[in-house]
Amino acid sequence: MTMVKFPKRYLIVILTFICTSVCYIERVGFSIAYTVAADAAGVNQSSKGTILSTFYYGYACSQVPGGWAAQKIGGRKVLLLSFVLWSATCALVPLDPNRIFVLVIARLLVGVAQGFIFPSIHTVLAQWVPPHERSRSVSLTTSGMYLGAAAGMLLLPSLVKYRGPQSVFLAEAALGAMWSLLWFKYASDPPSSQHPKATAAGFGESLLPTKGNQKLKVENGGSSTRTAKIPWKRILLSLPVWAIVVNNFTFHYALYVLMNWLPTYFELGLQLSLQEMGSSKMLPYLNMFIFSNIGGVVADHLVTKRILSVTNTRKFLNTVGFIVASLALMAIPIFRTSDGAVFCSSVALGFLALGRAGFAVNHMDIAPRYAGIVMGVSNTAGTLAGIIGVDLTGKLLEAARTADSSLSSPESWRLVFLIPGLLCVFSSFVFVLFSTGERIFD
């Protein structure tokens, strides 16, 4: 009886949470395993950078196609196919740092495959989750990324030490295969008998506020959605969409800069050993996991209890998250101890995750039927932000090293953290001015 009463949409959300966790275990795992193997083989830093960044090029290229595929084929099917593709690539490709061409192709494939995942997830959640549960559902799903990153950093170095770098690839492939089997067995599209008015826009779409006098034109379940023309021009010219895009760019700029350069800041900026820091370097990611879910619960509470409208709820949480994060980012160079730097980075990433209850859920507010498409557009910007931010940071530090011959001074790092801090302030104002919680696409 308990299993009968357990809503199917909860199972879908749990599976998507596990999905994002496994994806980020793979990303962290490759960096750990490849770095160890490349250092042992004497690979130069330029070649290492090429391999490590290749994933993001493939990932950026497949965001919008991923949203299109999820819209046309169905998010459930696309999600399964993408998982099978990247899992098979991990299982079959040998980790040989000297075979650069093979690794580049493999990382491109994994990046392309994983690029389909988040647009598909948003399409699936838009189908299954009613509006008053969307904030915490999306927050829980995306928080899997941070828990996966933390788990990968904690567990995978030991696996590399005792079983070798290749074992990480095999473990990741096994995790991907196990999730694929779970998804194949338990995932499904919302049955029309359960949600008579469900369209590919999603369960509960009719509960969303509609701008002006727009009305739903879908009458026969999800059949009409598959033939509906995607309003590409309206999407690309929409100011609320661009508000999401700008905030997605800023979020990932800050996240990828911290993920890639915070260890260097500890070692060169503060002259600390990462090994001596123990598990404290996991705290920023654990904080993201916690605050992401807090943001989702708070947002749904504000909407359900009608304390704030959907629009004001999104703007409130996005603004609080990004403004506090901006202050914490700009404060990082001020602290010259590991505790201070960990505290500031944890606050920054935690409140950025809180802000996801604003911009990251907004796809399904304004375009539930095209949530995967809008997610693909905004996530492309987010991926490009990672490429730009990581590369720009390297150039800034190289210029600082040339000028001061050392990266141990706070001045060498001030601009590195000032840029994402200012971007957070700018993005929060853009979101306040141009975002909306109302449906603007039929």
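Author: A polar contact is a pair of N or O atoms within 3.5 Å; within protein, one must be able to donate a hydrogen and the other to accept it, and residues adjacent in sequence count only if both atoms are side-chain atoms. Welcome! You are looking at a predicted model, in which local features need pLDDT of at least 70 and side-chain atom pairs count only at pLDDT 80 or more, while totals for chains, interfaces and linings use all residues. Residues are numbered from 1 along each chain as its sequence is written, and side-chain values use heavy atoms, with hydrogens and water left out.

Reader: What makes the pairing of the N379 and Y59 side chains a polar contact?

Author: The side chain of N379 reaches the side chain of Y59 at 3.5 Å, and a polar contact takes in pairs within 3.5 Å. N379 also makes a polar contact with the side chain of Q63, at 3.0 Å.

Reader: Why is N379 called buried?

Author: The relative accessible area of N379 is 4%. Buried means under 20%, exposed means over 50% and partly exposed lies in between, with a 1.4 Å probe and protein chains only, so N379 counts as buried. N379 sits in helix α18, residues 371-404.

Reader: Which residues does N379 touch beyond its neighbours within four places in sequence?

Author: They are Y59, Q63, F118, N248 and H252, where contact means heavy atoms within 4.5 Å.

Reader: How many helices and strands does the protein have?

Author: The protein has 19 helices and 0 strands. Here helices (H or I, at least four residues) and strands (E, at least two) are DSSP runs, numbered from the N terminus. Buried residues make up 56% of the 442 residues. Among contacts with a separation of 6 or more, 86% join residues 24 or more positions apart.

Reader: Why is α5 called roughly antiparallel to α7?

Author: The axes of α5 (residues 75-92) and α7 (residues 117-128) cross at roughly 150° and come within 8 Å. Angles over 145 degrees count as roughly antiparallel, under 35 as roughly parallel, 65 to 115 as roughly perpendicular and the rest as oblique, so α5 is roughly antiparallel to α7. The axes are lines fitted to C-alpha atoms over the stretch in contact, and angles run from 0 to 180 degrees between N-to-C directions.

Reader: What do α5 and α7 bring to their contact?

Author: From α5 come G75, R76, V78, L79, S82, F83 and W86, and from α7 come I117, S120, I121, T123 and V124. They divide into 7 nonpolar, 4 polar and 1 charged. Ala, Val, Leu, Ile, Met, Phe, Trp, Tyr, Cys and Pro count as nonpolar, Asp, Glu, Lys and Arg as charged, and the others, Gly among them, as polar.

Reader: How do you know whether S180 is buried or exposed?

Author: Its relative accessible area is 7%, which is under 20%, so S180 is buried. S180 lies in helix α9, residues 165-186. Beyond four places in sequence, S180 touches L80, F83 and V84. A polar atom of the S180 side chain lies 2.8 Å from the backbone oxygen of G176.

Reader: And why is L156 called buried?

Author: L156 has a relative accessible area of 9%, again under 20%, so L156 is buried. This residue of helix α8 (residues 134-163) touches I25, G29, I32, A151 and V168, leaving out residues up to four places away.

Reader: What makes R306 exposed?

Author: The relative accessible area of R306 is 75%, which is over 50%, so R306 is exposed. R306 is in the loop between α14 (283-304) and α15 (310-331). R306 has a positive phi of about 60° although it is not a glycine. Most residues other than glycine have a negative phi.
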